[in-house]
Amino acid sequence: MNHFDVAVVGYGPIGQMLALLLGARGHRVVVAEKFPEPYAMPRAVHADHEVARILQQAGVRPDTSPIIGPFDSMVEFRNAARETLLELDWRGLGPSGWPVGNFFSQPEGTR
Ligand SMILES: Cc1cc2nc3c(=O)[nH]c(=O)nc-3n(C[C@H](O)[C@H](O)[C@H](O)COP(=O)(O)OP(=O)(O)OC[C@H]3O[C@@H](n4cnc5c(N)ncnc54)[C@H](O)[C@@H]3O)c2cc1C
């Protein structure tokens, strides 16, 4: 009989990161995932500065990773009539010190 401190249900990005960070802190973690393989399609390309800080805790520095790059600009989503639907300010650094906008490449990021 194995005993664990934490059971994580689901091995998506949140479950993976949670298991990794808990394991790094010495907790015994078991993960239950209903599918035998990770979902094959990439589902994220951008992370904000708070995610960058979490990645740093896991040993992935956004400023040295070959698959993560800063995106220092405004982003505007428009409809077919060129009316602005959404404006995002992804310029500069966040309170954590990491860029507000970070783009990354999958599937490399999940290996
Ligand atoms: C097209 C698209 C683009 C996106 N772009 C971005 C982006 O640029 N930036 C960003 O931050 N986010 C983006 N997202 C959102 C991001 O993909 C999700 O927020 C993220 O996948 C959520 O992770 P999760 O681990 O919480 O859930 P999921 O990725 O849904 O993983 C949950 C896991 O739990 C498993 N599971 C579920 N129920 C059970 C059960 N009962 N027992 C065992 N296992 C179970 C599932 O099989 C799955 O593997 C995007 C999403 C889509 C669809």
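Which polar backbone atom is 2.9 Å from an oxygen atom of the ligand? It belongs to Val45. This is a predicted model, where local features need pLDDT of at least 70, side-chain atom pairs count only at pLDDT 80 or more, and totals for chains, interfaces and linings use all residues. Residues are numbered from 1 along each chain as its sequence is written, and side-chain values use heavy atoms, with hydrogens and water left out.

**View 1. Backbone atoms at the ligand.** Besides Val45, with its 2.9 Å pair to a ligand oxygen, Arg43 puts a backbone N or O atom 2.7 Å from a ligand nitrogen. For Lys34, a polar backbone atom sits 3.2 Å from a nitrogen of the ligand. The protein buries 47% of the 1000 Å² that the ligand exposes when taken alone (Shrake-Rupley areas, 1.4 Å probe).

**View 2. The shell around the ligand.** There are 15 residues around the ligand, and Ile14, Glu33, Arg43, Val45 and His46 come nearest (near means a heavy atom within 4 Å). Sorted by class, the shell holds eight nonpolar, four polar and three charged residues.

**View 3. A nonpolar patch on the surface.** Phe77, Leu85 and Leu86 make up this one, with about 300 Å² of accessible area together (patch residues have over 30% relative accessible area and no salt bridge, and nonpolar side chains are joined within 5 Å). Phe77 belongs to strand β5 (residues 73–78). Because its relative accessibility is 44%, Phe77 counts as partly exposed (between buried, under 20%, and exposed, over 50%).

Key. Patches are made of residues with over 30% relative accessible area and no salt bridge: like charges are joined within 9 Å, nonpolar side chains (Val, Leu, Ile, Met, Phe, Trp, Tyr) within 5 Å. A salt bridge is a side-chain nitrogen of Lys or Arg within 4 Å of a carboxyl oxygen of Asp or Glu. Helices (H or I, at least four residues) and strands (E, at least two) are DSSP runs, numbered from the N terminus. Buried means under 20% relative accessible area, exposed over 50%, partly exposed in between (1.4 Å probe, protein chains only). A polar contact is a pair of N or O atoms within 3.5 Å; within protein, one must be able to donate a hydrogen and the other to accept it, and residues adjacent in sequence count only if both atoms are side-chain atoms. Ala, Val, Leu, Ile, Met, Phe, Trp, Tyr, Cys and Pro count as nonpolar, Asp, Glu, Lys and Arg as charged, and the others, Gly among them, as polar.
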